[in-house]
Amino acid sequence: MSKKLSLIAFALAIIAGGVFFSSNAQAVVGLFTNNHQLTFTGANTNVDADINGTDVSAVYEKDGSVYFKKNRGAEVLIAVGSNPDVAVDSTGIAHVVYISGANVMYVNVSGSVVSAPATVGVGNYATIDTDASNKTHIAYSLNDGTYTDIYYANDFVSTKILDGDLDGGIVKNYTNPVVKVDSNGKYHITCLYTAFVGDPLTDAMYVKVVTNAVEGNSLSEKLSYNSTGVINKNSLALDASNNAHIVYVMDNASVYDAKVTADNSWTKTTVTALGGSQASVAVNGSTIGVGYVSSGNVKYKEDAGARYGLSETISAGSNPAVLLGSHYAYYENAGNIYLATDQVIADGVAPTVTGVTNGATYTTPVTITFADNEAVPTATLNGVAFTSGSTVNTIGSYTLIVTDGTNNTTITFTISAPAPAFGQIYQITYTGTNINVDADINGANVSAVYEKDGSVYFKKNR
């Protein structure tokens, strides 16, 4: 089963029943010592990620297309689309769902090879997970024009599991499904459930969990909220006992971890009461990690058995996505995607150079540009600092070295004088005063006429 992170769930509120636990001072500091900028161009958003052993993979949206990146490797274009979600199976293949037009689409990524897109169904929101047999489980929502339903696709066979409708004057809708698969191959899907009659005093908004798990939770109580709520990508994680954990924000201030236990009841633990939003959750064994945003900063807390305590501030940013195994936190800041971690993740891609080729000789000036997928690279030309986009126009031999701080790209090239347009020059007259030449060509033969000392002469070739 994919050990997936969980992402953004905000603006939720009070628990309908359940048990409340307060936090204590269990500190977590220094867990995110390395911070890598993963994107440098375009407007990057909607990041989602998954972990497989020591490898982490992310998908994100940039300028209307979906991209994939493993660790700090090369960026891979998946397709035109939006709102991607990823699950990595035990073989390291990444399974991705995204929205294209009115459809939920699927691809898998093996290395840098992207499969042909397949249509899962008509829908407007989707998440994905894989089981121990590496089969896909997809949850997606569909608005039929009046009501919104939830569908579950097991290996691309779709079944409607929650039916939005009008029931006794109450408009019922189900949106934002998030799927996780437990160790028995059973699905757990959380979603937003609304029951509206148009009366602010009686309208109801809930977070709901639906599952076919043999250990219970199939009829979980509803977690209510009293302000606009959103579950985005992954607000759900499963613990070692296959219980569901949902993080949410109450009144846009306090972050909570709600656990659906095997007896179908909710328990509620305070993550922070000091203000927070955009909460995400990940579970690894008995450790529960929660990322959230407070005062414009991405923060992290975890419960390793002694309740949630002090937070670690990772960086300024938004929309965190946390992973556990080691500690990883993807987040967005100023239109780019970052990865903070306690691991050393090497940059696996050298800078690229355009405008010159290694070993080439040029007879005209060359304009050289260079770029890198993980950093803003620097360069020297014959040992002198060189700026991308500059032109070299002096005859000579050159060595260009571009570095991203980890990897180097070296290009040697030469600029020489241009060859003359006429390689051979022949003198064809030697006496008299020769003027007014005219000539013509026939195949490989050339003929000329000219005037010399008052007479006209003819000459073929030489």
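In the predicted model, N382 counts as partly exposed, with a relative accessibility of 44%. This residue is found in the loop that links β37 (378–381) and β38 (384–386). Although N382 is not a glycine, its phi is positive, at about 50°. A second residue with a positive phi is A334, which is not a glycine either and has a value of about 55°. A334 is placed in the loop between β32 (327–333) and β33 (336–341). Its relative accessibility is 76%, so A334 counts as exposed, because the cut-off for that class is over 50%. The value for N382, 44%, falls in the class between buried, under 20%, and exposed, over 50%.

The chain as a whole contains 44 strands and zero helices. Of its 462 residues, 50% are buried.

Confidence was examined along the chain. The mean pLDDT is 85, and 86% of the residues reach 70 or more. By element, confidence is highest in strand β9 (residues 94–100), at a mean of 98, and lowest in strand β1 (residues 9–10), at a mean of 28. The pLDDT is below 50 over residues 1–26, a stretch that has 149 contacts in the model beyond near neighbours in sequence. Residues 216–220 also stay under 50 in pLDDT, and for these residues the model has 19 contacts beyond four places in sequence.

Three strands form an open sheet with the order β42-β43-β44 and antiparallel pairing. Its edge strands, each pairing on one side only, are β42 (434–442) and β44 (455–460). From one strand to the next, the twist averages 20°. Strand β43 covers residues 445–452 and runs antiparallel to β42, to which it is joined by seven bridges. Within this part of the sheet, I441 stands opposite V446 in β43.

Y140 lies in strand β14, which spans residues 136–143. The relative accessible area of Y140 is 4%, and the residue is therefore buried, since buried means under 20%. The side chain of Y140 makes a polar contact with the side chain of S158, at 2.9 Å. Y140 and P177 are separated by 37 residues in sequence, and their C-alpha atoms are 6.0 Å apart in space.

The other tyrosine, Y125, has its place in strand β13 (residues 125–130). Y125 has a relative accessibility of 13% and so counts as buried. Its side chain reaches the backbone nitrogen of K233 at 2.4 Å. The C-alpha atoms of Y125 and V178 are separated by 9.5 Å, while the two residues are 53 residues apart along the chain.

Key
Residues numbered from 1 in each chain as written. Predicted model: local features only at pLDDT ≥ 70, side-chain atom pairs only at ≥ 80, totals over all residues. Heavy atoms only, no water. Helix = DSSP H or I, 4+ residues; strand = E, 2+ residues; numbered from the N terminus. Buried < 20%, exposed > 50% of the residue type's maximum accessible area, 1.4 Å probe, protein only. Pairing = 2+ DSSP bridges. Axes fitted to C-alpha atoms, helices over the stretch in contact; angles between N-to-C directions. pLDDT = per-residue confidence, 0-100. Contact = heavy atoms within 4.5 Å. Polar contact = N/O pair within 3.5 Å; in protein donor to acceptor, adjacent residues only side chain to side chain.
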